[in-house]
Amino acid sequence: MSKVIPILPCVSIDEQCEFYESIGFTITAKDKAPHAYAAVRYEDVNLLFWGSKKNNPSANASMVFIEVEDADSLNAEFCGNMKSAWGKVPRTGFPRISKVRELKEDKRFTLCDPSGNTFYFGTPNNGNTITMRTLDNEQLAESFAVIYDLLHSKESPEIAAKALSVFNRSKVELNVSDKEKLAVLTSEIEEALKERDDNGLT
């Protein structure tokens, strides 16, 4: 086995093709009859779509993880293309794209297309230290990492917010670096909760 190509649902073949072209993909095939179908490609990444008006983006559970060499540069490229095409980088609704997140296994970002298909583009850490996930304070480092993973890996901002509330009750003093990381994580949790609220997911 040398290649895996996912076949995913979409509401509109035209809308799907327009979106993927706008972020830098090439349309390699497209047909509306007898069956709605499209194929797109970005470098070595190939995706296939079949059209179904019954597809509900909010209820679409299709997910694909794609390993890439540099998640940061790819995210920057996609975001730049989105801003050029639409004048903004959508963080909520469909389509949307997240910022790059540092996880235990990799650095990744999430892309949701107009039909609700979710893609995780990630670059393996290969043993590199994840600075934003760890604290200098050894007493709180493990708890902080759990909250970080709840938000960024498990994508459970509600649970992360509850865990953060407990974490903040600690009387242990943090150094400047740890305080900055805590402030960033707090802001990210608040932003994630707002996005879920905007999308009716809470």
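**View 1. Overall fold of the protein chain.** The chain contains 5 helices and 9 strands (DSSP runs, with H or I of at least four residues for helices and E of at least two for strands, numbered from the N terminus). Their order along the sequence is β-α-β-β-β-β-α-β-β-β-β-α-α-α. The C-alpha trace spans about 65 × 35 × 35 Å along its principal axes. Of the 202 residues, 43% count as buried (under 20% relative accessible area, with exposed being over 50%, 1.4 Å probe, protein chains only).

View 2. Asp-178 belongs to helix 5, residues 176-198. Asp-178 is buried but forms no salt bridge (a side-chain nitrogen of Lys or Arg within 4 Å of a carboxyl oxygen of Asp or Glu). Lys-181, the nearest side chain of opposite charge, is 4.6 Å away. A polar side-chain atom of Asp-178 lies 3.0 Å from the backbone nitrogen of Asn-137.

**View 3. Phe-19 in helix 1.** Phe-19 is located in helix 1, residues 13-23. Phe-19 counts as buried because its relative accessible area is 3%. Its C-alpha atom is separated by 9.4 Å from that of Ala-85, 66 residues apart along the chain.

**View 4. Glu-69 in the loop between strand 5 and helix 2.** This loop joins strand 5 (63-67) and helix 2 (71-86). Glu-69 counts as exposed because its relative accessibility is 81%.

**Notes.** Residues are numbered from 1 along each chain as its sequence is written, and side-chain values use heavy atoms, leaving out hydrogens and water. In this predicted model, local features need pLDDT of at least 70 and side-chain atom pairs count only at pLDDT 80 or more, whereas totals for chains, interfaces and linings use all residues.

Definitions and conventions:
Lys and Arg count as positive and Asp and Glu as negative; His and the chain ends are not counted. A polar contact is a pair of N or O atoms within 3.5 Å; within protein, one must be able to donate a hydrogen and the other to accept it, and residues adjacent in sequence count only if both atoms are side-chain atoms.
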